[in-house]
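Please prepare a briefing on the structure shown below.

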Amino acid sequence: MENKNKIFKYNGDYELIRDISDEKADDGDYISALSVLTLALEKDPKNGFLMRDIADIYTEMGLYEMAINYWFKCLNTQSRILQSTAYGGLCESFYYLNDLATAGYYVQKQMLTGNRDLELDDRFLEYLENNCDVKTGFRLSYPPESVDYSETIAVGKKMIKAEDFAGAMKKFAEVPESS
């Protein structure tokens, strides 16, 4: 009988560790995948990519609170490369915890990173599509400078014509100066 137990030592080869953990996760053996990653993280505690992979596995397992913990650790590495991914992961985790306001906050944070490849969960995008009424003023626009404020400005102009100057000022205040 062949011994399937293998001992791996982390020598700093992230790609090898990721391949092993991916293989374990694909087989549904999340505990082994997490073990491989957390042991590697003990040897390389500032490796944000390992933290990202751990957060992904916790998300696959439905342990969103644990995923959130590792997404924040990932952000704490100060890696600009991982910022957008971590914000997307936070959005997804908070969405699945039914905290839609916080999920929306992290979508905004992700957009502000400047990364043009937004990583948003398909079910979250579907939720936005099905539940956000355009009349409520909710708009998803990227980059932020591309937002069309013409409707808001038109409402402000109508308020001026109706001599509702205070209301018009409030409406115009919704439009950033850079627009």
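Helices (H or I, at least four residues) and strands (E, at least two) are DSSP runs, numbered from the N terminus. E163 is found in the loop between α8 (150-161) and α9 (165-173). This is a predicted model, in which local features need pLDDT of at least 70 and side-chain atom pairs count only at pLDDT 80 or more, while totals for chains, interfaces and linings use all residues. Residues are numbered from 1 along each chain as its sequence is written, and side-chain values use heavy atoms, with hydrogens and water left out.

**Overall fold**

- The chain contains nine helices and zero strands.
- Of the 179 residues in the chain, 34% are buried; buried means under 20% relative accessible area, exposed over 50% and partly exposed in between (1.4 Å probe, protein chains only).
- Contact means heavy atoms within 4.5 Å. Among contacts between residues at least 6 apart in sequence, 43% join residues at least 24 apart.

**Confidence**

- The chain has a mean pLDDT of 81, and 80% of its residues reach 70 or more; pLDDT is the predictor's confidence in each residue, from 0 to 100.
- Among the elements of the chain, α4 has the highest mean pLDDT (94), whereas helix α7 (residues 122-131) has the lowest (73).
- Where pLDDT is low, the predicted coordinates should not be read in detail.

**Nonpolar core**

- A nonpolar core is a set of buried Ala, Val, Leu, Ile, Met, Phe, Trp, Tyr and Cys residues joined through side-chain atoms within 4.5 Å.
- The largest such core has 35 residues, and those with the most contacts inside it are L50, I54, Y70, L90 and C91.
- Two or more residues are given to this core by each of α1, α2, α3, α4, α5 and α6 (100-112). The greatest contribution, seven residues, comes from α5.

**Helix α3**

- Helix α3 (residues 48-61) has 14 residues, which at 1.5 Å a residue should span 20 Å; its end C-alpha atoms are 20 Å apart, in agreement. The expected span is 1.5 Å times one less than the number of residues.
- This helix is mostly covered, since 10 of its 14 residues are buried; among them are L50, M51, I54 and I57.
- The buried residues of α3 pack against α1 (14-26), α2 (30-43), α4 (64-76) and α5 (80-96).
- At the start of α3, a side-chain oxygen of N47 lies within 2.9 Å of the backbone nitrogen of F49.
- G62, with a positive phi near 85°, follows α3.
- T59 lies in helix α3 and is buried, because its relative accessible area is 11%. T59 touches Y64, A67, W71, E92 and S93, leaving aside residues up to four places away in sequence.

**Cysteines**

- A search of the whole structure finds zero disulfides, a disulfide being a pair of cysteine sulfur atoms within 2.5 Å.
- C74 counts as buried because its relative accessibility is 1%, and C91 is buried at a relative accessible area of 2%.
- Residues touched by C91 are A103, Y106, V107, L120 and F124, not counting residues up to four places away in sequence.

**Positive phi outside glycine**

- N98, in the loop between α5 and α6, has a positive phi of about 65° although it is not a glycine. N98 is exposed, with a relative accessible area of 62%.
- E163 is not a glycine either, yet has a positive phi of about 60°. E163 is exposed, with a relative accessible area of 62%.

Conventions: A polar contact is a pair of N or O atoms within 3.5 Å; within protein, one must be able to donate a hydrogen and the other to accept it, and residues adjacent in sequence count only if both atoms are side-chain atoms.
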